[in-house]
Amino acid sequence: GQHILSVKQFDRDNIQYIFQIARKMAPYASRKKRTKVLDGAILGNLFFEPSTRTRVSFGCAFNLLGGEVRETTGMESSALSKGESLYDTARVISSYSDVIAMRHPQAGSVAEFAEGSRVPVLNGGDGANEHPTQALLDLFTIERELQASGQSIDGMHIAMVGDLKFGRTVHSLSKLLALYKNLQITLISPQELAMPDEVVSALDNAGHRLTITDKLEGNLNADIVYQTRIQEERFPSKAEANQYRGKFRLNQEIYTRHCKSNTVIMHPLPRDSRLEANELDNDLNLNPNLAIFRQADNGILVRMALFALTLGVQDLVQDYECTVPW
Ligand code: CP
């Protein structure tokens, strides 16, 4: 059982292996088949920052493998609010659990927690730093979406849009993209919210062709457009975040004018649907190339694979019933 703290621990071979296991999870994820491979195992699901998809899909993925989930949500409901250290929290919770998934607002906090943990820890997002399981599900989605039109990740053109400074999903995804070949990458953000130098260097060193711009229109002619939310919670004040909200709206009219006919639209979600932001308009919901919900669905498959691999049961998944009663 290895921790999953950063995408830096993966290479192309182990990514392909994770994806192979993820594809095998599909009948269990859709409840066509059932398994109890993790019967008796306990997931400690510790979310000290808001989450819908990551928290619930980690929990569901564990349940679908037959395991049980214990949750802590929010700093206020944890003894961390009384000054307990991450290390002590980890020593305690890890004796109650077989594996832990964790999100925390501070960069580096999940790695600090992992030092005290006696069981594997999966990073569900640490501040603006990394979100490795999201990056894996994003890459899995990109591979699937491109395969539909006979393309591969090598050689593709991806545009990443929005808050590239605080958006941890684009940091982790970019570090994975540095493992691939000959990409065209367009980074679209306000200058103040540009991709961190460390990430740009990783893409540069991989030999990818980079365009860095603060203009959306004219720069969306990509295979994948990966839109992001302004990460309001990472700004010193709401007013500062508000300066940028709504700068990079994408709707069907802009799509028709600036994207290719088969450009795939992704977003890690949540999208900010309030009118002043509205980075992905609801009028795209009928666009078959809007992949945001397929992307979220893939999170279950990838997280099931990561649990199976982390706990070493990937070859032991067997059906105990071939049909479900509902
Ligand atoms: N994509 C993602 O991390 O979503 P949540 O914040 O809802 O978990």
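Predicted model: local features only at pLDDT ≥ 70, side-chain atom pairs only at ≥ 80, totals over all residues.
1. Residues are numbered from 1 along each chain as its sequence is written.

2. The whole chain. You'll find 11 helices and 11 strands in it; these are DSSP runs (helices are H or I with at least four residues, strands are E with at least two), numbered from the N terminus. The radius of gyration is 20 Å, close to the 20 Å that the globule rule gives for 326 residues, so the chain is as compact as a globular protein of that length. That radius is taken over C-alpha atoms, and the rule is 2.2 Å times the number of residues to the power 0.38. Along its principal axes, the C-alpha trace spans about 55 × 50 × 40 Å.

3. The inside. Of the 326 residues, 44% count as buried, meaning that 20 or more other C-beta atoms, placed from the backbone, lie within 10 Å of the residue's own.

4. An unreviewed UniProt entry labels residues 2-143 "domain: Aspartate/ornithine carbamoyltransferase carbamoyl-P binding"; UniProt positions follow the numbering used here, feature names are shortened, and annotations may be inferred rather than shown by experiment. This span is 42% helix and 18% strand, and its end C-alpha atoms lie 25 Å apart.

5. An open sheet. Its 4 strands come in the order β3-β2-β4-β5, with parallel pairing (two strands pair if DSSP finds at least two bridges between them). At the edges stand β3 (68-73) and β5 (121-126), each with a single partner strand, so one side of each has no neighbour in the sheet. Between β2 (residues 42-47) and β4 (residues 99-104) there are 5 bridges, and F47 stands opposite R103 in β4. Helix α5 (residues 109-116) packs on the sheet and touches β4 and β5; contact here means C-beta atoms, placed from the backbone, within 7 Å.

6. Two helices to look at together. The axes of α6 (residues 132-147) and α11 (residues 292-310) come within 8 Å and cross at roughly 120 degrees. Axes are lines fitted to C-alpha atoms, for helices over the stretch in contact, and angles run from 0 to 180 degrees between N-to-C directions. Where they meet, α6 residues including L136, L137 and F140 face a set in α11 that includes V302 and L306.

How values were computed. Contact = placed C-beta atoms within 7 Å. Buried ≥ 20, exposed ≤ 12 C-beta atoms within 10 Å, placed from the backbone.
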